[in-house]
Amino acid sequence: MYRIRTVSAFVGRWFAVIVLAAGALALAVPDAFSGLTVAIPWLLSVIMLGMGMTLRPVDFAIIARRPWALLLGVATQFFVMPLLGFGIAVALGLSPMLTAGMILVGSVPGGTASNVMVYLSKGDTALSVAMTSVSTVLAPVLTPLLVLVLVGESLPVNAGALFVSIVQIVLVPVVLGLVLRMIVPRLVERFLDVLPLLSVAGITVVVVAVIAASASTLLSIGVLVVVAVILHNSLGLTLGYYIGRLCGLPVASRRALSFEVGMQNSGLAAALAVAHFNPVAALPAAIFSVWHNVSGSVLASYWARKGLPSDEVSESLPVTTRA
């Protein structure tokens, strides 16, 4: 188990570099990986099963203790990020497919890597875990609705099919993982150290599959998509923090809000884009998978060095590094 923990720590620390290298390989020899897109939904289901196995009923206790902070965070995430994705895509003149991809990235629930970034930044980890969990549960309803409203005028959107996909890929595996943690906790805890490796491997394959299937588009307008993703993530992190500040949240909670808003479940966005649009629509999600881990790590390191005000005590829950 010590070796597994060591390897997990290594891949967690170098996740962005690993995914970037894999993406570059897929761009160089796309034909070798173009058939992997069919595996994306299954990979995401395994990752979400792992997420469910890391959860416990106590993670939802914050809903009763601090409903205002949780409600603010979830509402901000599902309001700010979809509108940012749409606005940036329109401002940069992206194609309808790439616009759909930007909106999908903004409309999915928070990325589980945000929990780790909040923990490292000395933020409110309990609030972060609760926000990720609640936004994931709400995603089958809110994500199709947001995509239908923002994309429906330019592309056909089957909201019912999106709902079914999210239930299958996200909700069922998460609930199953949570139930397994409750029924056989000792057995599940033996596998917790392996979950970061599975997450990194899964997200890496997703990125490779998307980039290989849309290599020509990425080569022609790659810089523009990268700029769009960086703007999306950066503005999400910034607005999340300052909305928390405007609403009077303590610094630790503002940090949680920042990461929860700015870091998305980009793997899910890629899976939905491939299943309901095409691999080109998944490009923003693939690039987001790499970039938000880079920006999140830099910001978490800065806040960790800065510390918290003396009158605050960060409430932290132990979390497992997840992609």
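Helices (H or I, at least four residues) and strands (E, at least two) are DSSP runs, numbered from the N terminus. By this convention, Lys122 is found in the loop between α7 and α8. The structure is a predicted model, in which local features need pLDDT of at least 70 and side-chain atom pairs count only at pLDDT 80 or more, while totals for chains, interfaces and linings use all residues. Residues are numbered from 1 along each chain as its sequence is written, and side-chain values use heavy atoms, with hydrogens and water left out.

Lys122 is partly exposed, because its relative accessible area is 40%.

Helix α7 itself spans residues 113-120 and is largely enclosed by the rest of the structure, because six of its eight residues are buried. The buried residues of α7 are Ala113, Ser114, Asn115, Val116, Met117 and Val118. Their cover includes α8, α13 (251-262) and α15 (283-306), where contact means heavy atoms within 4.5 Å.

The C-alpha atoms of Val129 and Val116 are separated by 9.3 Å, with the two residues 13 apart along the chain. The side chain of Thr136 reaches the backbone oxygen of Thr132 at 2.7 Å. This is a polar contact, that is, a pair of N or O atoms within 3.5 Å; within protein, one must be able to donate a hydrogen and the other to accept it, and residues adjacent in sequence count only if both atoms are side-chain atoms. Leaving aside its neighbours within four places in sequence, Thr136 is in contact with Met48, Met51, Pro109, Val170 and Val174.

The UniProt annotation "transmembrane region", from an unreviewed entry, covers several spans, including residues 67-92 and 127-151. UniProt positions are given in the numbering used here, feature names are shortened, and annotations may be inferred rather than shown by experiment. In the model, residues 127-151 are 100% helix and 0% strand, with the end C-alpha atoms 31 Å apart. Residues 67-92 are 96% helix and 0% strand, and the end C-alpha atoms of that span lie 37 Å apart.

A nonpolar patch of about 760 Å² is made by Val175, Leu176, Val179, Leu180, Met182, Ile183, Val184, Leu187 and Phe191. Patches are made of residues with over 30% relative accessible area and no salt bridge; like charges are joined within 9 Å, and nonpolar side chains (Val, Leu, Ile, Met, Phe, Trp, Tyr) within 5 Å. Accessible areas come from the Shrake-Rupley method with a 1.4 Å probe, and for residues only the protein chains shown count as cover. Helix α9 (residues 159-183) gives the most to this patch, with six residues. Leu176 lies in α9 and is partly exposed, with a relative accessible area of 44%.

A salt bridge is a side-chain nitrogen of Lys or Arg within 4 Å of a carboxyl oxygen of Asp or Glu. By this rule the count comes to one. It joins the side chains of Glu189 and Arg181 at 3.9 Å, N to O. Glu189 is partly exposed at 42% relative accessible area, whereas Arg181 is buried at 12%.

How values were computed:
Buried < 20%, exposed > 50% of the residue type's maximum accessible area, 1.4 Å probe, protein only.
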